[in-house]
Amino acid sequence: MELQTFKSQVLPVKDKLFRIALNMMRSVEEAEDILQDVMVKLWDKRAQWVEYRNLEAFAVTITKNLCLDRLKSKRMKGHFDIQEMELDSGAVSPYQRIELDDSVKTMVRVFEQLPDQQRLLITLRDVEGYSYEEIAEQTGLEVNNIRVGISRARKKAKEDYLKIANYEQQ
């Protein structure tokens, strides 16, 4: 029964967990390591699965916590890699592509400067498409706090992006 539950409830969300880890860690290798650790932790805690109302929310929480622990560890050691993003579209001119690449890189830099919790909330809401209630269940925050956090993150990202974009145009 445990193996069947693992296959039916945990394995279908592994791609979602990977995207969360990738978004937080910004490294495919580290995201894969985190995902592997999450799967091992979930399997080791299989006797406690009945205590959790939503196994997916529990998995997201484990993923988030492992990522935050690893990020904290990297910051303490002074290591922090920034992975470049590339926009892949053949439908634009080379000039437009350069502009789009610059915009994406600027937005990634702005996004990376957000506090970890705000970045996580934006990822869960805008990238993964979770409802506020689902995010509350996964993070333990109240819905109003989530709304405020996302609003502040979006506002800060917009302000910082516009500062950079306006400065580069002058």
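**View 1. Helices H2 and H6 are oblique to each other in this predicted model.** Helix H2 covers residues 14–25, and helix H6 covers residues 116–127. The two pack at an angle of about 140°. Angles over 145 degrees would count as roughly antiparallel, so this pair is classed as oblique. Their axes lie 10 Å apart. The crossing of H2 and H6 is right-handed.

**View 2. Side by side, H2 and H6 bring residues from both helices into contact.** From H2 come Ile20, Asn23 and Met24. From H6 come Arg119, Leu120, Thr123, Leu124 and Val127. By class, this contact has five nonpolar, two polar and one charged residues.

**View 3. Arginine 119 is a buried residue of helix H6.** Its relative accessibility is 0%, so arginine 119 counts as buried. A polar atom of the arginine 119 side chain lies 3.2 Å from the backbone oxygen of glutamate 112. Leaving out residues up to four places away in sequence, arginine 119 touches Asn23, Met24, Arg26, Leu71, Arg75, Phe111, Glu112 and Leu114. Among them, Asn23 and Met24 belong to the H2 side of the contact with H6.

**View 4. Leucine 35 is buried in helix H3.** Helix H3 spans residues 28–44. Leucine 35 has a relative accessible area of 15%; buried means under 20%, so the residue qualifies. Beyond its neighbours within four places in sequence, leucine 35 is in contact with Lys14, Leu17 and Phe18. Cysteine 67 is 32 residues from leucine 35 in sequence. In space, the two are 9.7 Å apart, C-alpha to C-alpha.

Terms used:
Residues numbered from 1 in each chain as written. Predicted model: local features only at pLDDT ≥ 70, side-chain atom pairs only at ≥ 80, totals over all residues. Heavy atoms only, no water. Helix = DSSP H or I, 4+ residues; strand = E, 2+ residues; numbered from the N terminus. Buried < 20%, exposed > 50% of the residue type's maximum accessible area, 1.4 Å probe, protein only. Polar contact = N/O pair within 3.5 Å; in protein donor to acceptor, adjacent residues only side chain to side chain. Contact = heavy atoms within 4.5 Å. Axes fitted to C-alpha atoms, helices over the stretch in contact; angles between N-to-C directions. Parallel < 35°, antiparallel > 145°, perpendicular 65-115°, else oblique. Left-handed = near helix turned anticlockwise from the far one by under 90°. Nonpolar A, V, L, I, M, F, W, Y, C, P; charged D, E, K, R; others polar.
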